[in-house]
Amino acid sequence: MTLSILTGCGFHLRGSIEIPPALNPLYLQSAPGSPVRRAIEDLLSGSDVRLTENPAEAKLILRILSENRSSRVAAVDANGKTLAFELHYLVRFDAVAPDGAQKVPPQTLDLVRNFDNPDVEVLGKQLEEELIYQDFATDAADRILMRLRAVLI
């Protein structure tokens, strides 16, 4: 009962990604070590979407065209010391059929988060920044799959 209420409102359990069966299996094309690719693979585990390592077998090719991290100073104190950064994670992607026909046009996600920079615990702040970028990759993967589903279904 609870599950039907949750799925009825748009909530989906992990692994409940839907793409038309005619587009299975899916091939992920990305740069080696892509955090977004790893996150997409995690989100698809347990779903009906099959991944293939062979692009010749694929019915759909999801291409992560680029991933870029950047930061800029967002706030400084009276002495010019940086108090906060604005972190960006920019991801470009598209989806094509094996014959190269565009299924999802190139799209860009720009994820932004402010990051405070106090003088204490410098190593902890570096770890926190890395965790934010990992969260960005997971969020980007989720948004890519939502856009893919919206266009293909």
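**Entry 1: a word to settle before I start.** I call a residue buried if its relative accessible area is under 20%, and exposed if that value is over 50%. I also remind myself that this is a predicted model.

**Entry 2: Pro21.** Is Pro21 buried or exposed? Its relative accessibility is 70%, so Pro21 counts as exposed. I found Pro21 in the loop between α1 (2–8) and β1 (26–29). I then checked its distance to Arg50, which is 29 residues away along the chain.

Entry 3: Next I followed the strands. Four of them make an open sheet, in the order β1-β2-β3-β4, with mixed pairing. β1 and β4 are the edge strands, and each of them pairs on one side only. From one strand to the next, the twist averages 20 degrees. I zoomed in on β1 and β2, which run parallel and are joined by four bridges. Here I saw Tyr27 standing opposite Ile61 in β2.

**Entry 4: α2.** Which residues of α2 are buried? I noted Val36, Arg37, Ala39, Ile40, Leu43 and Leu44. These residues lie on the same side of α2, because they cover an arc of only 165 degrees around the axis.

At its start, a side-chain oxygen of Ser34 comes to within 3.4 Å of the backbone nitrogen of Val36. After α2 comes Gly46, with a positive phi near 85 degrees.

**Entry 5: the core.** I turned to the largest nonpolar core, which has 32 residues. Those touching the most other members are Val36, Ile40, Leu62, Tyr89, Val91, Ile144 and Leu148. Two or more residues come from each of β1, α2 (35–44), β2 (60–76), β3 (82–96), β4 (102–116) and α3 (122–152). Which element gives the most to this core? It is α3, with ten residues. Another reminder for myself: in soluble globular proteins, nonpolar side chains tend to be buried together.

Technical notes:
Residues are numbered from 1 along each chain as its sequence is written. This is a predicted model: local features need pLDDT of at least 70, side-chain atom pairs count only at pLDDT 80 or more; totals for chains, interfaces and linings use all residues. Side-chain values use heavy atoms; hydrogens and water are left out. Buried means under 20% relative accessible area, exposed over 50%, partly exposed in between (1.4 Å probe, protein chains only). A nonpolar core is a set of buried Ala, Val, Leu, Ile, Met, Phe, Trp, Tyr and Cys residues joined through side-chain atoms within 4.5 Å. Two strands pair if DSSP finds at least two bridges between them. Axes are lines fitted to C-alpha atoms, for helices over the stretch in contact, and angles run from 0 to 180 degrees between N-to-C directions. The arc is that of the directions from the helix axis to the C-beta atoms. A polar contact is a pair of N or O atoms within 3.5 Å; within protein, one must be able to donate a hydrogen and the other to accept it, and residues adjacent in sequence count only if both atoms are side-chain atoms.
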